[in-house]
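Subject: Handover of a two-chain model

Dear colleague,

Please find the structure below, followed by an account of what was found in it.

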Amino acid sequence: MGPGVRAVERKVPGGKLLRLRLDDDGVRLTGDFFLHPEDAIADLEALLTRLSGDADAMAAAIEQWMAEEGVVAVGFAPSDLAVMLAEARR
Amino acid sequence: MRWRLLPFAAYRGAMNMAVDETVADTVRAGGPPTVRFYAWSPGAVSIGAFQSAAEEVDLDECRRRGVEVVRRRTGGGAVYHDPRGEVTYSVIAPQAVFGNDILASYREVCGYVMSALAALGVPSEYRPINDIVVSGRKISGSAQTRREGVFLMHGTVLLSIDREAMSSLLTPSPAKAAGRPAGGVTCLAEHADASLDEVLPALREAFLRGRRWEEGDLTSEEEARAQELVRSRYGSDAWTFSR
């Protein structure tokens, strides 16, 4: 892993594995989770790339975006992503 | 509504995923909801829509063994599909048939598999989100997508296990491995003496119970569309290694 690259991995209890990678190109999210519709992943990654602040505020922003866009996650919650992103930005 | 049961067939991984998508297109255009049971030849590793092939699969080992890698359009984890050790199912129907509750639909379709296993003398349990276990060990996994009004769920039923191949080909992270039940995976052969000729009718009965159905082949248009999808998506490195 090169300089400036941050990677955070989280196995959600009772859920799925998430890997969040943050580098100069932004956030890349991989893992065995489900996202409906699947094509929303690029927009979710773009949202995560833009977000900053504390984990609670980011979780609320992710939740609001999912509700507005009709995106449903299975295997993780917005708060899981927010905690990982906060850790990656630390 | 009359369902279609496609004949059991073994295809390469890219074709299997292309057939699923093609049938989903057919259903979207008003064609019959469809169930298919199938195998993978040659053996293949399928990865979830959001996984990185490099993270989940030993690509050199796949090349060495002639095992193909294909990216699914469904989420979920990496699976080694042994050419003789697995029956895979797909159920493809208008979304209204299974409703909007994603977890409830996993439970319903997993219930078909559990019913078939019970008919073969193997009691099993549903383990949310998308697994079925026998004595705590996974025997079936599944994944679903809903696209433009069409529900597609596919999943595995392990008949036998080549543990050496599975552990050589898949490279799960320690965090993922730690989240698995202590027993790991199991297969039908460890619990029942059932041949494919017995497993397939049990699955057919469980998936189509209470439905009007008939056997039918892929149409020539579907065959051509699937072959095109192999070329344009599922058989291409651009798709397989897109993450």
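A residue is taken as buried if 20 or more other C-beta atoms lie within 10 Å of its own, as exposed if 12 or fewer do, and as partly exposed in between. Because B:Trp3 has 19 C-beta neighbours inside 10 Å, B:Trp3 counts as partly exposed. Please bear in mind throughout that this is a predicted model.

B:Trp3 belongs to strand β1 of chain B. Leaving aside residues up to four places away in sequence, B:Trp3 touches B:Pro32, B:Pro33, B:Thr34 and B:Val35, as well as B:Leu208, B:Arg211, B:Arg212 and B:Trp213. B:Met114 is 111 residues away from B:Trp3 in sequence, and the two C-alpha atoms are 21 Å apart in space.

The sheet of chain B

Strand β1 of chain B (residues 2-11) is part of an open sheet of eight strands, in the order β7-β8-β9-β10-β6-β2-β1-β11, with mixed pairing. The edges are formed by β7 (125-127) and β11 (212-215) of chain B; each has a single partner strand, so one side of each is left without a neighbour in the sheet. Direction ignored, neighbouring strands of this sheet are turned by 20° against each other on average.

Within the sheet, β1(B) and β2(B) pair in the parallel sense over six bridges, and B:Leu5 stands opposite B:Val35 in β2(B). Strand β2 of chain B (residues 34-40) is in turn joined to β6(B) by five bridges, and these two strands run antiparallel. In that pairing B:Arg36 stands opposite B:Ser90 in β6(B). Nine bridges connect β6(B) with strand β10 of chain B (residues 150-158), again in an antiparallel arrangement, with B:Thr88 standing opposite B:Thr156 in β10(B). Strand β6 of chain B (residues 86-94) is mostly covered, with eight of its nine residues buried.

Helix α8 of chain B (residues 196-208) lies across β1, β2, β6 and β11 of chain B and runs at about 20° to β6(B).

The helix pair of chain A

In chain A, the axes of helix α2 (residues 55-69) and helix α3 (residues 78-89) come within 8 Å and cross at roughly 135°. That angle makes α2(A) oblique to α3(A), and the crossing is right-handed. From α2(A), the residues A:Ala55, A:Met58, A:Ala59, A:Ile62, A:Glu63 and A:Met66 meet A:Pro78, A:Ser79, A:Leu81, A:Ala82, A:Val83, A:Leu85 and A:Ala86 in α3(A). By class, the residues of this contact are eleven nonpolar, one polar and one charged.

The interface between the chains

Between the two chains, 17 residues of chain A are in contact with 21 residues of chain B. On the chain A side, β1 (6-11), β3 (26-31), β4 (34-36) and β5 (72-74) each supply at least two of the residues that touch chain B. That side of chain A comprises nine nonpolar, four polar and four charged residues.

Yours sincerely

Definitions and conventions. Residues are numbered from 1 along each chain as its sequence is written. Chains are lettered from A and ligands numbered from 1 in the order in which they are written. This is a predicted model: local features need pLDDT of at least 70, side-chain atom pairs count only at pLDDT 80 or more; totals for chains, interfaces and linings use all residues. Two residues are in contact if their C-beta atoms, placed from the backbone, lie within 7 Å. Helices (H or I, at least four residues) and strands (E, at least two) are DSSP runs, numbered from the N terminus. Ala, Val, Leu, Ile, Met, Phe, Trp, Tyr, Cys and Pro count as nonpolar, Asp, Glu, Lys and Arg as charged, and the others, Gly among them, as polar. Axes are lines fitted to C-alpha atoms, for helices over the stretch in contact, and angles run from 0 to 180 degrees between N-to-C directions. Angles under 35 degrees count as roughly parallel, over 145 as roughly antiparallel, 65 to 115 as roughly perpendicular and the rest as oblique. A crossing is left-handed if the near helix is turned anticlockwise from the far one by less than a right angle, and right-handed if clockwise. Two strands pair if DSSP finds at least two bridges between them.
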